Amino acid sequence: MSAVLAKVVAHRLFWPVVMLLILFTINLIAFPGFFTISVRDGHLFGSLIDILRNGAPTLIIAVGMTLVIATRGIDLSVGAVAAISGAVACSIILGSPEPGSLATVAVAVSVALLISLVLGVWNGFLVAVLGIQPIIATLILMTAGRGVAMLITEGQILTVNSPPFKFLGSGFWFGVPIAVIIAAVVFGLAALITRRTALGMFIESVGINPEASRQAGVRARGLLFAVYTFCAFCAAIAGLILTANTAAADANNTGLFIELDAILAVVIGGTSLAGGRYSLLGTLVGALVIQTLVTTVYTVGIPPIATMVFKAAVVTVVCLLQSPTTAEAFSGVRRRLALRAGKGVAAS
Amino acid sequence: MKKLIGIAAAGAMLVALAGCASAGGGTADGPKPLDELVVGFAQVGAESGWRTANTKDIQSAFEEAGIELKFSDAQQKQENQIKAIRSYIQQQVDVIAFSPVVETGWDAVLNEAKAAGIPVVLTDRAVDSKDDSLYVSFLGSDFVEEGKKAGQWVLEEYADATEPVEIIQLEGTTGAAPAIDRAEGFAEVIAENPALEVVASQTGDFTRAGGKQVTEALLKSNPGVDLIYAHNDDMGLGAIEAIEAAGLVPGKDIKIVTVDAVKDGMQALADGKINFIVECSPLLGKQLIEIVKQINDGEAPEKRIITEETTFTQEQAIEALPDRQY
């Protein structure tokens with residue numbers, strides 16, 4: 001029994017999951033109906049559904065970010081890419097004679113996604129071909145990208161009146177929010193492609209030692225192109241969801257600071273910024289922790305002035321619990337537990 | 001003509017750079033003809049529809065008056081605005097007008113303007129400085145008054161309320177002057193009726209997404225809410241989405257009061273989804289021209305000039321909507 005417990009505590013997702021449960025408990029105390037999920041107007045309705053729906057864009061970006069970070073990289077431009085894709089889609093829909101038609105929306109969404117691929121290839125080019133440090137390379141698009149989005153929207157908030165587009169952000173399919181379904185598909189595909197093939201291992205090997213993996217025959221350059229392009233693609237999907245959620249492209253605020261949330265989700269999930277081993281499941285838990293944290297602030301009624309301090313405190317606790325020193329201290333406890341368990345077996 | 005002025009300005013800058021600049025702007029030499037006046041305006045940036053309307057109005061007002069306007073866009077960054085103001089000082093413009101991005105940190109550059117004898121006018125946002133001689137006039141809305149107007153409507157709407165009225169407040173960006181003042185004015189007025197109670201107050205950062213997310217969460221923890229007071233239209237529009245998603249009717253089941261009166265907000269008001277909007281007008285151009293003329297004539301404009309603003313009910317919105325510029 002204690003051996004099982006020791007194993008659970010040792011799991012790298014233990015502390016993030018504990019934090020998530022603590023946050024759930026706080027919410028439940030502040031608001032007893034927190035776990036209630038009802039069906040309203042033919043769709044699921046409840047706080048947990050909100051957390052999943054509002055957390056979907058962060059999760060989608062964090063999935064892309066996980067792979068980038070696994071190659072020892074980072075992508076700061078995701079927020080700007082999200083803003084660009086939203087701006088592109090909305091300006092196309094606004095410019096068309098039939099903003100409400102499905103074909104218009106399909107074109108708008110496809111163009112936005114295609115542009116994101118170009119932006120991703122640009123990031124990949126800077127990192128893989130020119131060898132610029134990822135943090136600098138993606139910083140370029142992070143700053144310039146918002147300007148581009150601003151040019152597309154001409155500094156206005158573009159409001160679109162297009163039911164099919166709005167559906168992307170606030171629609172439901174069999175009662176489940178579309179955003180959650182999209183996030184599940186992105187997450188599932190990423191997990192399937194990188195974990196059911198050798199691709200994930202290649203990505204990790206590039207992150208651990210690019211030179212050694214190149215000599216072993218891994219095409220690091222192509223892989224880097226692929227992960228940055230995928231990350232930008234994820235950012236564009238998230239940007240479309242965020243924009244469709246309010247049916248308005250706001251070049252200034254769409255996806256603002258979402259890169260930080262995504263990176264945080266990856267880190268909370270136990271993936272090291274130094275590259276190498278990554279955990280998509282960890283990223284999922286990380287994204288949920290972040291979104292639950294936001295909801296907790298609202299349900300508990302933490303005053304806005306103290307919000308940042310509260311979030312910082314929670315994140316600090318998670319990071320401290322995950323640090324190697326803390327892990328070391330806990331492994332001592334674990335060894336004792338395991339020892340006792342071993343004795344128990346011997347005695348019986 | 002513009003080119004010539006450009007060359008002249010560049011020349012003036014060179015002279016200034018060479019260190020031959022004489023202290024004191026043109027205004028000291030008595031009134032100039034209007035077409036010789038040059039005004040430098042440092043805008044915050046194109047942050048919203050409101051701001052764009054503000055820019056357009058100022059530009060067209062100057063064009064109409066025949067006064068040359070040098071315009072710069074700071075992209076929401078204080079350092080850019082300071083750079084722009086410094087360049088206006090070097091170009092020795094007659095008046096500098098600007099809308100400060102943030103409240104603090106302006107003393108140094110405003111002192112430079114003062115030393116160069118160039119009068120400064122603040123538009124729409126104030127600066128937080130102990131030395132109020134650094135600017136000649138502050139033209140803009142009275143945010144506390146806006147909050148009071150919103151509170152007044154709520155007070156009258158629920159004058160006969162016997163049961164407690166639950167209010168959710170969607171605050172602007174934490175620390176921003178409009179957010180602080182609109183909350184203050186509102187709280188002051190609704191305090192008259194103890195039945196009116198703000199049960200939750202959270203920031204939605206002046207954005208639609210923020211307003212939507214906060215409202216979603218607050219509707220669940222406060223199911224009995226009667227009214228939402230949002231510090232700007234955008235957050236109110238986000239709240240409408242959240243209310244509709246909860247299967248309720250915005251404007252009926254839950255009433256909404258906002259501040260700003262931008263076109264999208266007015267449309268929602270006309271559609272009956274918002275109940276009342278307090279205007280915060282971006283159309284300051286004409287009043288700014290008046291101030292510039294006064295300064296040119298050697299008169300001292302009033303230190304605090306409040307923008308002419310009104311309020312809109314649903315019926316008034318339907319009438320006003322066709323002519324709405326922004």
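Helix H11 of chain A (residues 220–246) packs against helix H7 of chain B (residues 208–221) at an angle of about 75 degrees, and their axes lie 9 Å apart. Here axes are lines fitted to C-alpha atoms, for helices over the stretch in contact, and angles run from 0 to 180 degrees between N-to-C directions. H11(A) is therefore roughly perpendicular to H7(B), a label for angles of 65 to 115 degrees, while those under 35 count as roughly parallel, those over 145 as roughly antiparallel and the rest as oblique. The helix names follow DSSP runs (H or I, at least four residues), as do the strand names (E, at least two), numbered from the N terminus. The contact is formed by A:Leu242, A:Asn245 and A:Thr246 on H11(A) and by B:Arg208, B:Ala209 and B:Lys212 on H7(B); two residues count as in contact if their C-beta atoms, placed from the backbone, lie within 7 Å. Sorted by class, these are two nonpolar, two polar and two charged residues. Ala, Val, Leu, Ile, Met, Phe, Trp, Tyr, Cys and Pro count as nonpolar, Asp, Glu, Lys and Arg as charged, and the others, Gly among them, as polar.

The model is a predicted one, in which local features need pLDDT of at least 70 and side-chain atom pairs count only at pLDDT 80 or more, whereas totals for chains, interfaces and linings use all residues. Residues are numbered from 1 along each chain as its sequence is written, and chains are lettered from A and ligands numbered from 1 in the order in which they are written. The predictor gives the complex an ipTM of 0.86 and a pTM of 0.85. For chain B, pLDDT (the predictor's confidence in each residue, from 0 to 100) averages 88, and 90% of the residues score at least 70. Within chain B, confidence is highest in strand S8 (residues 227–230), at a mean of 97, and lowest in helix H1 (residues 2–17), at 50. Over residues 11–27 of chain B, pLDDT stays under 50, and the model has 26 contacts beyond four places in sequence for this stretch. Where pLDDT is low, the predicted coordinates should not be read in detail.

The interface as a whole brings 27 residues of chain B into contact with 27 residues of chain A. On the chain B side, helix H2 (49–65), S7, H7 and helix H8 (233–245) each supply at least two residues. H7(B) gives the most, with 10 residues. By class, the side of chain B that touches chain A has eight nonpolar, 11 polar and eight charged residues.

Within chain A, H11(A) also packs with helix H8 (residues 178–195) of chain A, at an angle of about 175 degrees and with axes 11 Å apart. H8(A) is thus roughly antiparallel to H11(A). Here A:Ala179, A:Ile182 and A:Val186 of H8(A) meet A:Cys234, A:Ile237 and A:Ile241 of H11(A). This contact has six nonpolar residues, no polar and no charged ones.

Turning to the sheets of chain B, one is an open sheet of six strands in the order S2-S1-S3-S4-S5-S11, with parallel pairing; two strands pair if DSSP finds at least two bridges between them. Strands S2 (68–73) and S11 (304–306) of chain B stand at the edges with a single partner strand each, so one side of each has no neighbour in the sheet. Direction ignored, neighbouring strands are turned by 20 degrees against each other on average. Strand S3 (residues 95–98) and strand S4 (residues 120–123) of chain B run parallel and are joined by three bridges. B:Ile96 stands opposite B:Val120, and B:Ala97 has B:Val121 as its bridge partner.

Another open sheet of six strands in chain B has the order S7-S6-S8-S9-S10-S12 and mixed pairing. S7 and strand S12 (311–313) of chain B are its edge strands, each with a single partner strand. Six of the seven residues of strand S6 (residues 165–171) of chain B are buried, so S6(B) is largely enclosed by the rest of the structure. S6(B) runs parallel to strand S7 (residues 196–203) of chain B, joined by seven bridges, and B:Leu170 has B:Gln202 as its bridge partner there.

Definitions and conventions:
A residue is buried if 20 or more other C-beta atoms lie within 10 Å of its own, exposed if 12 or fewer, and partly exposed in between; C-beta atoms are placed from the backbone.
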